[in-house]
Amino acid sequence: MTKFSVQKIKSSLTEFISSKGGKCALPVYILLTLGFVAPLFMVLGFSFATPRSFSAFTSFSLDNFIQIFDGSTSVWRSFLWSIALAAFVTAILAVVCYPVAVGMVRIFGSKTSTFISILFVFPLFVSENVRLYGWILFFGKNGVLDGICKLLGFHGPDILFTPGMTAMGLAYSYLPYMLFPVIMGVALVPKDLITAARDLGSSRLRTWWQIELPLAMPGVLIGMLLTFVLATGSMSESKILGGQSIIVITNDIDVSFTFSQNWPQGAALAVVLTLIIGSLTLYAFKKIDLDKLMGRS
Amino acid sequence: MISSKNEVTQNVAEEIKPGQPLLDLVNVCRDFDKVKVIKNVNLVVKKNEFFTLVGPSGSGKTTILKMLAGMDQPTSGDIVLGSKSISTLPPDKRPTCMVFQFLALFPHMTVGQNIEFPMRVKGMRAEDCIAKAQKLLDLVHLPEDYYNKNVMKCSGGERQRVAIARALAYDSEIILFDEPLSAIDAKLRKTLQKELKDLHRRSGKTFIYITHSLEEAMFMSDRVGVLCKGELKQVGTPEEIYAHPVSRFVAEFIGDVNIFPIRVKPTGGWGSTDFPGQLFKVEPHGDDLEGYIIVRPEALKLVKEGTQVDNVIECKVLNQFSLGSRSQFQLACGKKEITLELPRSEVDLNSVGKTIKIGWNAHDAIFVTE
Amino acid sequence: MEYTKQGRRNRTLIIIWTIFVIAFIYLPVICDALSSISKGRYFMFPIKKFSLDWWSKTANSIEISSLVSNSLLIAFVVTILSTVIAFCGALAFARFSWKGKKLFQKIILLPVFFPQPVLGLALLLWFNAIGINLSWQTAVFAHLVWITPVVTLVIAIQVYGFDPTLEDAARDLGATPFQIFYRITLPLLWPGVWSGMLFAFLLSWGNFPLSLYTTGVDNTVPKWLYSKMVAGYTPMVPTLGTMSTLGAAGLMLVGALTVYMMHRRQGRA
């Protein structure tokens, strides 16, 4: 039995190495094994270590996980905040980005669309800290908004360092991650189908709901997944714009590793976060054919 | 029956009697960035007829169809339904429905859902929709169990039928076809052409069809309009178009033809620059002094001892092609190339390279001025 | 194309909305730029007095020039390595059809769909466990894990547009595999490779969450900016931020123009 399965693994490995695609994929696989799988394995190891120890795989304890869920710490609240903020931001961004995507695919000409895409890609290349700091200059005391309000004779609103500001920061940071997949999705919908539905007497709203949206869904889903996952794992927004008014989960993880020097605790939190994000991602990946989305659309 | 936005125009269309003018295009022009794509088209489509617009690519036939469907509007001129102008109405307010070139079937719906779509849009009850969809499946010769089939898993011909069934489900007076058979292989195309013709008769709708193949147009239509560079060159029954083309363009569009320029010589009699020094017998209409004569390959005869024809020329045989029951010959008379078609029984198999005499009667040639 | 009143209205609304969203994206960047050219120690709007003092102070700072050279070094090495690995990856992703392709397409996306702070910490644990000291080299490795998949996707888009029969034709005409690669495949994919390099460089240059845990003593620009932001305001933060933004914009402009020229030469612009 074992001999048979060993042979099977061996033959499928040979097949992998001998295929051209397999050879080309090899460097990426090596990089991801050393830089992604192995580190996550380390995190997993630490999460089962005795609290406050500094070596993995030498002890075994479930204390770290028990602590998360038994209510002795408020870390569950951080989880809730992270997930709630991410869900809220994902919903907002889907609504914000969809009309822009429709414009890019169908209304603006191809040259204008290329230019607008460059405008949306560019912020990704500027460190997000710098961009978030700009909001402080905008909303802060004596900032741009405050200054304008004072010119008009009243005080500017004091909204910096609130949960709402964190949400705005997240929406701001992850807008391009929603926009581009949605553009790909909308581009998947042949224009003929929209015209045909209208010709068959369907109203604009109905055409959108029954024809355009279902067909653009793969792109919209990828966009929502990407924003949700990245927003759940974000840190800078709550630190810089939220001013620690709420603690998000990555913040707790960061504190465990740095300030309180409890690596196993941080690792356990990271494992739970990874499980949430990973299961969501894997579930979505099962449903989506990337060849179709990225290929000749 | 069911209230829908196109009720008014649909009623207008329904009140017109079969054979009476239904759609009237009056001086319709369409410019794209100052390029005149449609130039002053005047056309009447009668109720219940199968009308085909035919023309080479770029002749503007799709533009006209889009203007009929409401997906485009004329720059000037008017499109009139009965007595109501519909030029500016959007697609969903016209009694028209389009079958698209690439069919535009909704890929995320089953065959049944595709066909039911326009009925659901109108707000018909679910059981009525299903019953009518089943009827339509039967009408387009698709098996009943296709109702639940994924539309993307259907073959090309089946998709074609689904698209037509969907258009019929909309129950509009006029169905527009945008070259729906162009991507289908020749054999299946013939079958579908026959079915379409049959469907037209049984459905009692007005079909407006566009194609680049005059052969396809003549095969199915009651009347044909020939379009060239945005101008409507000729409208008539397939027989009229074949027997009396009004211009060289129309004649050439039908198939292989021989065309000779012809004019009255100062010394009297008709002469042609293609055959210097020779006089021809020609039947012009009116007092035209110059024009072209069109002689079809099958109107040419092989001239032997005792054959009586009005005009005779001498040619060299360059090539011979078999068309099955007939044979085609490529001939040369001086620099002019001529095509001749003969039944197989008359063919001399070793004629290539020989010189032969061919001829035609004046009433077999068509005289045109342009 | 739209003739109805409603259609025209929707069109106008979408245009206005898009302009609004673009304004939203660039508003904070403009605020940074404004504060970098105001004179005071503390930012006040409306700006009383403009000056380039903070620009010259920032440009002349020794600390900052060492940050910039660290960031440049990391970005440069990441660009080279990630593009080479990603080029192969993109071929496996889009060019060849092989048994493990669908799986590969999904696995390679996992790091992109993973929170970077957590990935940074995981790498920190891993480096610690195998006894590697943190330095700019470990930062390069950390950046590679996240950036290589992104570059793979960028190049893959170009590969999807590549007609594989061209390679067959070249082989048929007697070209060796190396000649095919060098004379056919690479030139046709070059615009995608170039875009990928641009992405790699700029993403590495601006990366903060991975650098935070993996650079050790070799500080980078985004990391420094963050530490100053948390510690308190100095106009050097928006100034360096604006400088970095302008540098990235210039590089992107040059890069985008180059890609555009390449497409034009291939007759695909």
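**Helical architecture, interchain contact and confidence of the predicted model**

From the N terminus on, the elements of chain A follow the order α-α-α-α-α-α-α-α-α-α-α-α-α-α, and the chain accordingly has 14 helices and zero strands, where helices (H or I, at least four residues) and strands (E, at least two) are DSSP runs numbered from the N terminus. The model is predicted, so that local features need pLDDT of at least 70 and side-chain atom pairs count only at pLDDT 80 or more, while totals for chains, interfaces and linings use all residues. Residues are numbered from 1 along each chain as its sequence is written, and chains are lettered from A and ligands numbered from 1 in the order in which they are written.

Along its principal axes, the C-alpha trace of chain A spans about 65 × 60 × 30 Å. The domain assignment, whose bounds come from an automatic or database source, gives domain 1 (1–47) and domain 2 (65–294) in chain A. The C-alpha centres of these two domains of chain A lie 33 Å apart, and the contact between them takes five residues from domain 1 and seven residues from domain 2, two residues being in contact if their C-beta atoms, placed from the backbone, lie within 7 Å. On the side of domain 1 that touches domain 2, four residues are nonpolar, one is polar and none is charged; here Ala, Val, Leu, Ile, Met, Phe, Trp, Tyr, Cys and Pro count as nonpolar, Asp, Glu, Lys and Arg as charged, and the others, Gly among them, as polar. Within chain A, residues 24 or more positions apart account for 73% of the contacts with a separation of 6 or more.

Between chains, the contact takes 75 residues from chain A and 73 residues from chain C. Helix H2 (residues 20–47) of chain A gives the most to the side of chain A that touches chain C, with 17 residues, and that side divides into 48 nonpolar, 19 polar and eight charged residues.

Of the 297 residues in chain A, 49% are buried, that is, 20 or more other C-beta atoms lie within 10 Å of their own. The largest nonpolar core has 257 residues, and those with the most contacts inside it include A:Ala101, A:Leu179 and B:Leu176. Leaving aside neighbours within four places in sequence, A:Ala101 is in contact with A:Leu179, A:Val182, A:Ile183 and A:Val186. A nonpolar core is a set of buried Ala, Val, Leu, Ile, Met, Phe, Trp, Tyr and Cys residues joined through C-beta atoms within 7 Å.

Chain B averages a pLDDT (the predictor's confidence in each residue, from 0 to 100) of 87, and 97% of its residues score at least 70.

Methods. A residue is buried if 20 or more other C-beta atoms lie within 10 Å of its own, exposed if 12 or fewer, and partly exposed in between; C-beta atoms are placed from the backbone.
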